Amino acid sequence: ENYFSRNFYFKLITKKAFKEAEIVSSPSIWLLERLKQLFKIKQTQLIRNAVDTSVFFPAETNNQKRIFIHVSMMYPLKNVNGILMALAQLNKVNKDWQMIFVGPAPVRNRIQAVELGLDTQINWKGALAYADVAKEMQKADLLIHFSKYENLPCVINEALCCGLPVISSRVGGIAEIINTNNGVLIENENNDQLTDAIVSFLQSPGRFNKEKISKEAAMLFNLNSIGSQFIEMYCKVIKQD
């Protein structure tokens with residue numbers, strides 16, 4: 001829920017929590033800057049979301065058709081509706097693809113897919129266990145993330161660790177880790193840009209180096225690295241007391 005829509009008591013307690021905290025960490029610079037605008041904060045620390053790289057890693061694929069994947073809780077902010085609209089446009093120029101949706105898809109989205117003539121190209125997997133999400137990512141060629149607003153979702157880190165390039169809306173802190181070497185950034189809620197980005201990927205998927213994407217992401221997000229950063233942060237705070 002939006003902080004500004006909450007009641008006075010919630011806002012008061014939230015402000016007090018941030019004011020009293022010795023340090024505030026976040027997985028994105030974007031959110032840290034936003035929090036500093038809203039609250040009195042003593043100090044901040046950037047620590048990215050962690051990924052279990054023993055589960056999320058690249059696997060060999062031999063897909064006859066390119067496979068796209070989207071993973072989320074399918075809330076309206078994730079804009080599954082926009083993804084489906086973009087895929088319908090894509091179908092007019094290229095039908096040589098499959099789409100996997102992982103998460104509890106609302107009935108309205110399933111109905112929309114049928115109405116758009118996409119039902120034979122879409123596989124609704126539903127909610128899956130952590131390890132099973134990784135297996136689905138390992139089958140795919142591309143992650144599509146089209147949120148209306150966002151912080152920096154862990155699913156992007158996980159996809160990168162699997163070597164997947166990412167097409168994402170430029171919202172929140174996503175631009176801090178997605179660049180021309182590992183994906184494409186587009187305007188949020190711009191369905192045409194999403195379609196164009198997917199078409200471009202289908203025309204030249206080889207421009208992304210799966211091994212390089214995975215290696216760089218694993219170095220950043222592995223459990224040991226992120227855990228060490230938390231320990232270092234805690235030690236720093238303790239020494240200040």
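Residues are numbered from 1 along each chain as its sequence is written, and side-chain values use heavy atoms, with hydrogens and water left out. In this predicted model, local features need pLDDT of at least 70 and side-chain atom pairs count only at pLDDT 80 or more, while totals for chains, interfaces and linings use all residues.

The sheet is open and has six strands, in the order β5-β4-β3-β6-β7-β8. Its pairing is parallel. Strands (E, at least two residues) and helices (H or I, at least four) are DSSP runs, numbered from the N terminus. Two strands pair if DSSP finds at least two bridges between them. The edge strands, β5 (122-126) and β8 (183-186), each pair on one side only. From one strand to the next, the twist averages 20°. Angles run from 0 to 180 degrees between N-to-C directions, and axes are lines fitted to C-alpha atoms, for helices over the stretch in contact.

Strand β4 (residues 97-102) pairs with β5 in the parallel sense over four bridges. In this pair, methionine 99 stands opposite isoleucine 122 of β5. β3 and β4 also run parallel, joined by six bridges. Valine 71 has valine 102 of β4 as its bridge partner. Five of the six residues of β4 are buried. Buried means under 20% relative accessible area, exposed over 50%, and partly exposed in between, with a 1.4 Å probe and protein chains only.

Helix α6 (residues 154-161) touches β3 (66-71), β6 (142-145) and β7 (166-169), and its direction makes about 170° with that of β6. Helix α7 (residues 191-203) lies across β3, β6, β7 and β8, and runs at about 140° to β3. Contact here means heavy atoms within 4.5 Å.

Helix α7 also meets α3. Their axes come within 8 Å and cross at roughly 55°. The two helices are therefore oblique to each other. Angles under 35 degrees count as roughly parallel, over 145 as roughly antiparallel, 65 to 115 as roughly perpendicular, and the rest as oblique. The α3 and α7 crossing is right-handed: the near helix is turned clockwise from the far one by less than a right angle. Contributors from α3 include Gly82, Met85 and Leu90, and those from α7 include Asn191, Ile198 and Leu202.

The largest nonpolar core holds 58 residues. Such a core is a set of buried Ala, Val, Leu, Ile, Met, Phe, Trp, Tyr and Cys residues joined through side-chain atoms within 4.5 Å. Phe68 and Met137 touch the most other members. Helix α3 (residues 80-91) gives the largest share, seven residues. Beyond four places in sequence, the contacts of phenylalanine 68 include Leu87, Trp97, Met99, Leu142, Ile198 and Phe201. A second, separate core has six residues, among them Phe18, Val24, Leu35 and Phe39.

Valine 166 lies in strand β7. Valine 166 is buried, at a relative accessible area of 1%. Its contacts beyond four places in sequence include Leu142, Ile156, Leu160, Ile178 and Val184. Asparagine 181 is 15 residues from valine 166 in sequence and 9.9 Å away in space, C-alpha to C-alpha.

Two loop residues other than glycine have positive phi values. Asparagine 79, with phi near 55°, sits in the loop between β3 and α3. Asparagine 79 is buried, with a relative accessible area of 6%. Glutamate 189, with phi near 65°, sits in the loop between β8 and α7.
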